[in-house]
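My notes follow, in the order I looked things up.

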Amino acid sequence: MKEVILIFQIISSVLLSIAILVQVKGTGFGRVWGGMSNSFSRRGLEGLVFKLTFVLSFIFIGLSIIAVVV
């Protein structure tokens, strides 16, 4: 059981790291791929990655707590 939790914790940590590294501070995804955007709200893919980062962080924290308890 502990090995399964550890595997899911590793997977969630890698996905969380990727989600954090994909985000670009202040400019949005438009600047990454050459588009110019003056909008400061998170829309589309940028909003999805932002929300996914929170979900992955909660999953990682939950798995960490479970690993300590078990």
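I started with Val-49: at 11% relative accessibility Val-49 counts as buried, where buried means under 20% relative accessible area, exposed over 50% and partly exposed in between, with a 1.4 Å probe and protein chains only. I found Val-49 in helix H3. I then checked Val-49 against Val-22: they are 27 residues apart in sequence, and their C-alpha atoms are 8.1 Å apart in space.

A note on what I'm looking at: this is a predicted model, in which local features need pLDDT of at least 70 and side-chain atom pairs count only at pLDDT 80 or more, while totals for chains, interfaces and linings use all residues. Residues are numbered from 1 along each chain as its sequence is written, and side-chain values use heavy atoms, with hydrogens and water left out.

Next, the overall layout. I count three helices and zero strands in the protein chain; helices (H or I, at least four residues) and strands (E, at least two) are DSSP runs, numbered from the N terminus. Along the sequence the pattern reads α-α-α. Of the 70 residues, 20% count as buried. The chain exposes about 5600 Å², and carbon and sulfur atoms supply 73% of that; the areas come from the Shrake-Rupley method with a 1.4 Å probe, and for residues only the protein chains shown count as cover.

Then I looked at how H1 and H3 sit. The axes of H1 (residues 2-22) and H3 (residues 45-69) come within 9 Å and cross at roughly 155 degrees. Axes here are lines fitted to C-alpha atoms, for helices over the stretch in contact, and angles run from 0 to 180 degrees between N-to-C directions. H1 and H3 are therefore roughly antiparallel, since angles over 145 degrees count that way, under 35 as roughly parallel, 65 to 115 as roughly perpendicular and the rest as oblique.

Who touches whom? On the H1 side I noted, among them, Ile-5, Phe-8, Leu-15 and Leu-16, and on the H3 side, among them, Val-49, Leu-56, Phe-60 and Leu-63. Contact means heavy atoms within 4.5 Å. In the chain's contacts between residues at least 6 apart in sequence, 79% join residues at least 24 apart.

Last, two residues of H1. Ser-17 is in H1 and, at 39% relative accessibility, counts as partly exposed. Ser-17 and Ser-57 are 40 residues apart in sequence and 9.6 Å apart in space, C-alpha to C-alpha. Val-14 is also in H1 and is partly exposed, with a relative accessible area of 43%.
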